[in-house]
Number of protein chains: 2
Amino acid sequence: MGSLPLDTLHLLDPDVLANESRVVVDFIADYYRDIEQLPVRSQVEPGYLSKRLPDSAPYLPHSIDAILEDIREDIIPGLTHWQSPNFYAYFQANASTAGFLGEMLCSGLNVVGFSWISSPAATELEGIVMDWMGKMLKLPSSFLFSGGQGGGGVLHGSTCEAVVCTLAAARDRALGKIGADGITKLVVYASDQTHFTVQKASKLIGIPPSNFRAIPTTAASGYALTPDSVRSTMEADIAKGLLPLYLCATVGTTAVGAVDPLLELGKVANEYGVWYHIDAAYAGICPECRHHFDGVELADSFSMNPHNCFLTNVDCCCLWVRSPAALVDSLSTGPEILKNKASDAKLVVDYKDWQIALSRHFRAMKLWVVIRRHGVANLMEHVRSDVAMAKHFERLVAMDRRFDVVVPVPRKFALGCFRLKPRFQGDDASELNRRLLEVVNSSRQAFFHTMVAGIFVIRLATGATLTEMRHVEAT
Amino acid sequence: MGSLPLDTLHLLDPDVLANESRVVVDFIADYYRDIEQLPVRSQVEPGYLSKRLPDSAPYLPHSIDAILEDIREDIIPGLTHWQSPNFYAYFQANASTAGFLGEMLCSGLNVVGFSWISSPAATELEGIVMDWMGKMLKLPSSFLFSGGQGGGGVLHGSTCEAVVCTLAAARDRALGKIGADGITKLVVYASDQTHFTVQKASKLIGIPPSNFRAIPTTAASGYALTPDSVRSTMEADIAKGLLPLYLCATVGTTAVGAVDPLLELGKVANEYGVWYHIDAAYAGICPECRHHFDGVELADSFSMNPHNCFLTNVDCCCLWVRSPAALVDSLSTGPEILKNKASDAKLVVDYKDWQIALSRHFRAMKLWVVIRRHGVANLMEHVRSDVAMAKHFERLVAMDRRFDVVVPVPRKFALGCFRLKPRFQGDDASELNRRLLEVVNSSRQAFFHTMVAGIFVIRLATGATLTEMRHVEAT
């Protein structure tokens, strides 16, 4: 197993770090050289790995070469290769060289910037990079630190975390008025297409599950929320003695890429005094897509994940808040051990009070390197090419009489939804498509995933970093 | 600014990745070469960085050399160097070469293992490494997957997240019996020495802040919780019509390293039917410290952070749960888009239902590399040397008549607490120590931090990866 004697470890010795890192870098470069040949979806059976690895930790150290050999033999066959050019499942998790380098710098420096004083550059770079991103998305200045109206942004690990924190802020603002007992009266609104993490977050912060409204959408609105349906749902709740708390709108839903009408929904949200959150996809950085964000100025908070299509390795979620004071009121803690002059004088941001945990990754470094290494021009180009590939695939499907293209809406984004037409009347179309999906996914090539908007359809998400037109055509 | 033309980016091109990574690796190796010469605590003023960086993102890409030059000039001076051998503040965040390599592999592969099918090896390696860790800590088999009693472990980013999830599980189990309205009756118990994230987590999941009990501790019990104080506090709450929900005990508190009596507290917890969580420090992997864990078999859940003293780069928290089914009941979501045969047949673990977010880092890779590269023998040796350094420092302080050693308890761990004695009767001892701390922290050398257990004391946490006896003596 390649065990080494005890005295060969030199903790953080610069030469050892450099030498062993080069070996790992070469391993990862080789992985990307071979990735197109690997089956996209792992073909292993549940429990395969425990048959290959020892059941307890080694007493003596192993060499990095021995460890990499085991990764090659035992781990790689058990991975589903999210960076494969033939990966079209779930959503994208775009890695890039810059994202990899940024993560390397983040973990190499290994600082913990929970408050300004604990590493000022970590906090300040995050503020700067959030303003950069906000300007790229043309967010209103009320969301930017430089806007001078109290707003600002923070990096979380995931949308779910961003939603948990904004929900908690909204909840505590409401309970401050109506008392702690009121928690069972608060109601959260989203659509049946909204990412399920909003429902999870709502339950997590103590809203009774029966007070979450997944408002139905239909093909008529392109699976978008309508202001009327939100209004009537809120009215019905108020009539029952409940209190509308929070509305989540989405620009580019996970399943079909639907776009909720932000401006109209914002007016309803403001009228009923609820916290208005917008969960957005990536396309907004391109001027031709920016109109989908009209109405964002009515929102209380806005989130977007660079770890999806924005060439930033997992994990990274941007959250902007118009009143960070509401987040801080809900999430702050001030134990003696963390007291310091800069915080006491309120001269600085202490991000621990804008998030769930105390510890935090130096994610700003990663996002900053991604933006600088690519430049805004290349980031826009990447988004446009993803969308172009989805459109191209849709045209190919439309030319084939055996298939239907479902949902015309997502043509805006990098997503296509389609289904096999039943050949004979009475054929079970859902069963037919389920079988097609099984066959494709077992073919070691493409990997789609399914969604239901009433019916069973097959979904193709373009946008893996390495995907090119030729992969889409072959599919 | 080193802008490049648009066509120089080759996304995930293996040669570019390898070349640019080598440049970054050399940069990080140089950082560790120089780290002892850098002032531990950054000397910058609030707002320094926005004066140095542009206020919007570059349109064209920058070279990695230009980016690294800016990190050297603008970012490094703004960091507090957590890996400096003279860093004794807060708690340890031990980086290591192995932790760095593990993180590199994790972000290089960039898979998202939220459910088994989305990357089987990510889930299975996590199960295996959690069993390895559990055996190293001699946890009862009821916490291990291999124990066959339904228990198992999961990697979170932070203790706060682990506490949020277990609290939510406990809450939903209780509300299932008493109804959603009962949430305002639930009470959470900890000590005034318990990490403040427990209080934050309790508020986050919707427990009214007035229902969190920070039970006072005293020097007489070494700042540990006593079973009697817990029992009487619970009885008083029950008398008021409230319902005890959750007790958190700590092995090695943040401020003074106090150890709560796990066995006695576990008996009280079990008697009152509350969820019993243990938040533990690192020392338990050494046989001579393992007795502090006696009583862990009575716990419902147990957490421990390898990103503190366990040579694992940020972030990484181990959580073991005796009944993961309770976590899953509270946190699971099953949208159509994530459905698959292995999950439906309940053959596999889907870690998305054991945590807050959907996305997840391949943290198991990092921890697995750390354990294998060091071996259990070196990990134990590292913990022992931290503790030996703290003892040595305490002896040096005790020999100096100007100082008092405060709290005899923490000698078990890598932590020393002391204060300057007043020279003349009537001198304000707290003010004296506050001034000493300011002087030391401004000296560019050491960086302690303060805590209060009624009085103002100075605290020294040994255990940064690079700290050696000579650094402790110089301090």
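Student: L311(A), buried or exposed?

Tutor: L311(A) is buried, at a relative accessible area of 1%. Buried means under 20%, exposed over 50%, and partly exposed in between, with a 1.4 Å probe and protein chains only. This is a predicted model: local features need pLDDT of at least 70, side-chain atom pairs count only at pLDDT 80 or more, and totals for chains, interfaces and linings use all residues. Residues are numbered from 1 along each chain as its sequence is written, chains are lettered from A and ligands numbered from 1 in the order in which they are written, and side-chain values use heavy atoms, without hydrogens and water.

Student: Where does L311(A) lie?

Tutor: In the loop between α9 and β7 of chain A. Helices (H or I, at least four residues) and strands (E, at least two) are DSSP runs, numbered from the N terminus. L311(A) is not a glycine, yet its phi is positive, about 60 degrees.

Student: What about phi of Y223(A)?

Tutor: That phi is near 60 degrees, again positive in a residue other than glycine. Y223(A) sits in the loop between β3 (212-215) and α7 (227-239) of chain A, and counts as buried at 12% relative accessibility.

Student: Back to the α9 loop. Which peptide bond is cis in chain A?

Tutor: The one from V314(A) to D315(A), with omega near 0 degrees. D315(A) is in the loop between α9 (306-309) and β7 (317-321). In chain B, the bond from V314(B) to D315(B) is cis too.

Student: New topic. What rotation superposes chain B on chain A?

Tutor: One of 180 degrees, with 0.0 Å of shift along its axis and an RMSD of 0.0 Å. That is the relation of a two-fold axis.

Student: How do α3(A) and α3(B) pack?

Tutor: The two helices (residues 97-109 in each chain) pack at about 155 degrees, with their axes 10 Å apart. Axes are lines fitted to C-alpha atoms, for helices over the stretch in contact, and angles run from 0 to 180 degrees between N-to-C directions. α3(A) and α3(B) are therefore roughly antiparallel; under 35 degrees is roughly parallel, over 145 roughly antiparallel, 65 to 115 roughly perpendicular, and the rest oblique.

Student: Which residues meet there?

Tutor: Among them are F100(A) and M104(A) from α3(A), and F100(B) and M104(B) from α3(B). Contact means heavy atoms within 4.5 Å.

Terms used: Least-squares fit on C-alpha atoms with pLDDT ≥ 70 in both.
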